[in-house]
Amino acid sequence: MKYAIIHINSDAIKDNNINKSDRGKWNNKNEDIFKPLDCNSINTDYKYIIDQLDKILSKLSDNKNDKNCNVDEPDIYFMIVPIEALSDYLFYVALSYSKLRKFDDESYQPKPIVFITAKNIFKNYHKFDKNDSAKDFESRENDYKNRISVFDKLYYQFDKRKYFLDSSIWHYYLPMEKWNGKSFEQNLKLIIEDIQENYNMQLYDTVVAREYLEFQTRMMKNSYLEAVGGGHAQQITPYVFHTETEMRYRADYKINEKLKKEYGNLKNFAWRVLLVDDYAEKELRKNKDNKISYDKISILTKILEKDFIVTKDNEIKKPEKPIIYIKGTKESNVLEDAKSKLRKNVYDVIMLDYLLGTKSDSQERELASELFSPLNRKKLDKTRGDLMSKFWILPISAFSKAMDDKIRSLGINRVHSDWYIFNGADPIATPQLFRHNFFKLIELQLNIAIVRKKDIINFILENLQGEDNANKQNNNDNDRKENKKNDNLRTKARRLYGLFMHKFGMREALLVDAENGSAFAKSVGEYLDNEGFEDQRFYEYTRKLIFLIGYGTHYDAPRMWEIFTFIREEVNKLGLSEKENEINILFDRIIKYLNRLT
């Protein structure tokens, strides 16, 4: 790959004399703001960067003798950004009007930019060392705040739009300092590998990626508030950018590793995904007349294959990773095809594009928001397609906020009795944000579907014991004895049973879903029958005890004693020392109730 190094001429930015009240405009009288750097520069910092770039990029080049630096048509721009520029709103305006990002016409062919700073102004996201427990998320947050406070003392009040520099496949951030436990060279290598893969997949050529960049650049330029008699302008950035690096960290460590720790190896699980997209199995557009070589399923497969086995239909025996069975819709009449598929099978996740194909009876394009109309919901009443009585929907449009605003304008909530609509992300332009949001979805599914002993105990203590704990300092012994005589425990147990089944009672629903084709429900059932057997047994015994305390008679006392003895032994094995007092109070109440019942 060829590259060019750009150095910012800070004086040229200031020469434009943009007033704060006119910061959406640009005089554009100086073309030397973003200047190509002489590759033979004697500056040692720049020389070091050039040496590292040549070292890594030469390995990717077919011709090892190619001149890589500052060619006329580079594949990547490396922009060396002075720290002070990031505290100046003029930098962001200048970038939006520069040749690197200014949209001219449909022939617009931008290139990715890697922004390099001497000092790290972003958070440290990744673990430094697997055995270094002190370097947890909280300590990283404190480290970041301390570093930023040092910059503040130097009068570098960073513009909150700095996160734009790491917000998509078009923009990568790279400090020369060690970052996320990796050296400059290691981080540079990872970035170049990402960009190389994007080029291999032809993502930079797609219409949707270029549309996304143009819109995001406009949003970045205008993401500010004018001071209108209040203090919001200095504190609020109306359009907040995420960072792809942070989303990668959260997906890899905060969610994926956490799930593996809680549920063992995630290879035990599988998901059936329906991709509602007119380009699901159709090559994406490069322009009006040309296409790239990949459809949306191919791109999703590439993004997810690090964590999953992605296949269309093949049954995988003894997988080494969790499985995603993915099926796409047709390129026209997309919604009708989606509804037809949902009537036949349960789909554990619905990945939903916003602007869909045309209808057969007209040239009108369908919008995904139509899926939530009352008429379409009525047509789906007899569907098998919902998992645990919900449609689990992940928007994947490049403009997912447009879909959010559309359904809001129709009076539709994202959380509904029939569906969950999660935060959306475009897998093409923001692959790490997409991974993060997908992991958040499956994390919630696993937490709802699989019952853990500790979760059950905490839930019961909060709902059955909470009132007494809150009042125990104000009530004397006689009051508590009086409450017990009045069957307070029995009354609470009746209420608790309904709450308990709502919270944990998905086992029966999952059995039905598994019969109707849900790969997730089937895999959860197998997990509960094997690795999760003890948790499931504990759930069944607890459910029966709550029901019998609330509705049983003295005839049920022997059975209640048997169940209670099992539960008490299992709880004692867990060693919940921090909850010991609350647990003992609850057990004493149950024993006294059973003694009285006997």
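Modeller: A word on conventions: residues are numbered from 1 along each chain as its sequence is written. In this predicted model, local features need pLDDT of at least 70, side-chain atom pairs count only at pLDDT 80 or more, totals for chains, interfaces and linings use all residues, and side-chain values use heavy atoms, with hydrogens and water left out.

Biologist: Happy with that! Why is W392 called buried?

Modeller: Buried means under 20% relative accessible area, exposed over 50%, and partly exposed in between, with a 1.4 Å probe and protein chains only. W392 has a relative accessible area of 1%, so W392 is buried.

Biologist: And how do you know on which side of the cut-off F422 falls?

Modeller: F422 has 15% relative accessibility, so F422 counts as buried too.

Biologist: What makes W392 and F422 a stacked pair?

Modeller: Rings of Phe, Tyr and Trp (its six-membered ring) pair if their centres lie within 6.5 Å; planes under 30 degrees apart count as stacked, over 60 as edge-to-face and the rest as tilted. Here the centres are 6.1 Å apart and the planes at 25°, so the pair is stacked. The partners are 30 residues apart.

Biologist: Then why is the pair of F269 and W271 called tilted?

Modeller: Their centres are 6.4 Å apart and their planes at 50°, so that pair is tilted. Both F269 and W271 are buried, and ring pairs link them into a cluster whose members include F308 and F434.

Biologist: How many aromatic pairs does the rule give?

Modeller: The count comes to 33.

Conventions. Helix = DSSP H or I, 4+ residues; strand = E, 2+ residues; numbered from the N terminus.
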